[in-house]
Amino acid sequence: MKTWLTYSPQDFLLFSERVYWRLFELHNAELWPAQIPAVLAGLAVPALLVWRPWWAGRAIAGILGVAWAVAGLAFLPRYATVNWMAGDLIPMFLGQAVLIAVLGFAARALVPSPGGARRWIGVALCLYGLAAPLAAALYLGRGMAGAEIFALTPDPTAIVTLGAVLAAERRWPAMIVGIVAALWCVASWATLATLGTLQAWLFVPVALALLAAAAVSRLRRSG
């Protein structure tokens, strides 16, 4: 028992921070120029939340469904080379893609709300999910080559998904879509915090946005 008490969370990681970020450099180099359509697809999500054409919910569901499938099939096998658990998560990502498609098309789960603070919090969170990982890569000296990109990697994909969930008109179907995204954010934060990288702080605004949206919903119900 005393021996176990000498271990820290870092002792259970099989990779270092340098190895972790090197994965993204290799990943981006292999997939180039897929980053261009991926970023454009990501930007389409907040644009659709603001514009709100009649087909916005289905378009958002299509974009997010494909993004989860691509992140699962393209990134997780590479991640599994240093973290064996990542390979076991591929079915979860594909299941999330199917869930988004089913709820988005059949249950209209991701139709944007016609107004209110929740929708704008969701729009802001989508933009944050697209921009913050890029800004963090530049700030921490990894450059664009080591940045996390929507659809090609899980973190920005999960954050943008949560933004779309917050902005959705039909709250409960959307929240089902948000479960896997929220769980991934928690798991990624735990990994980054254990590595000791400053990028773990990227998830603090995500948590604040979720709390703000919950507070807005509570005020609306009480009012």
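The model is predicted, so local features need pLDDT of at least 70 and side-chain atom pairs count only at pLDDT 80 or more, while totals for chains, interfaces and linings use all residues. Residues are numbered from 1 along each chain as its sequence is written, and side-chain values use heavy atoms, with hydrogens and water left out.

Helix α3 covers residues 35–51. Helices here are DSSP runs of H or I with at least four residues, numbered from the N terminus. The 17 residues of α3 reach 24 Å from the first C-alpha to the last, close to the 24 Å expected at 1.5 Å a residue; the expected span is 1.5 Å times one less than the number of residues. Buried in α3 are Gln35, Ala38, Gly42, Val45, Pro46, Leu48 and Leu49, where buried means under 20% relative accessible area, exposed over 50%, and partly exposed in between (1.4 Å probe, protein chains only). An α-helix has 3.6 residues a turn, so residues three or four places apart point the same way. The cover over the buried residues of α3 includes α2 (17–31), α4 (56–79), α7 and α8 (154–167). After α3 comes Arg52, with a positive phi near 60°.

Gln35 belongs to α3 and has a relative accessible area of 8%, so Gln35 counts as buried. Leaving out residues up to four places away in sequence, Gln35 touches Asn28, Ile149 and Leu152; contact means heavy atoms within 4.5 Å.

Helix α7 (residues 117–139) contains Arg118. Beyond its neighbours within four places in sequence, Arg118 is in contact with residues including Val165, Leu166, Arg171 and Ser217.

The count of disulfides is zero, a disulfide being a pair of cysteine sulfur atoms within 2.5 Å. The sulfur of Cys126 has its closest cysteine sulfur in Cys185, 12 Å away, which is too far for a bond. Cys126 is buried, at 0% relative accessibility, and Cys185 is buried at 7%.

Pro205 sits in helix α10 (residues 203–222) and is partly exposed, at 31% relative accessibility. Pro205 and Pro112 lie 93 residues apart in sequence and 22 Å apart in space, C-alpha to C-alpha.

Methods: Helix = DSSP H or I, 4+ residues; strand = E, 2+ residues; numbered from the N terminus.
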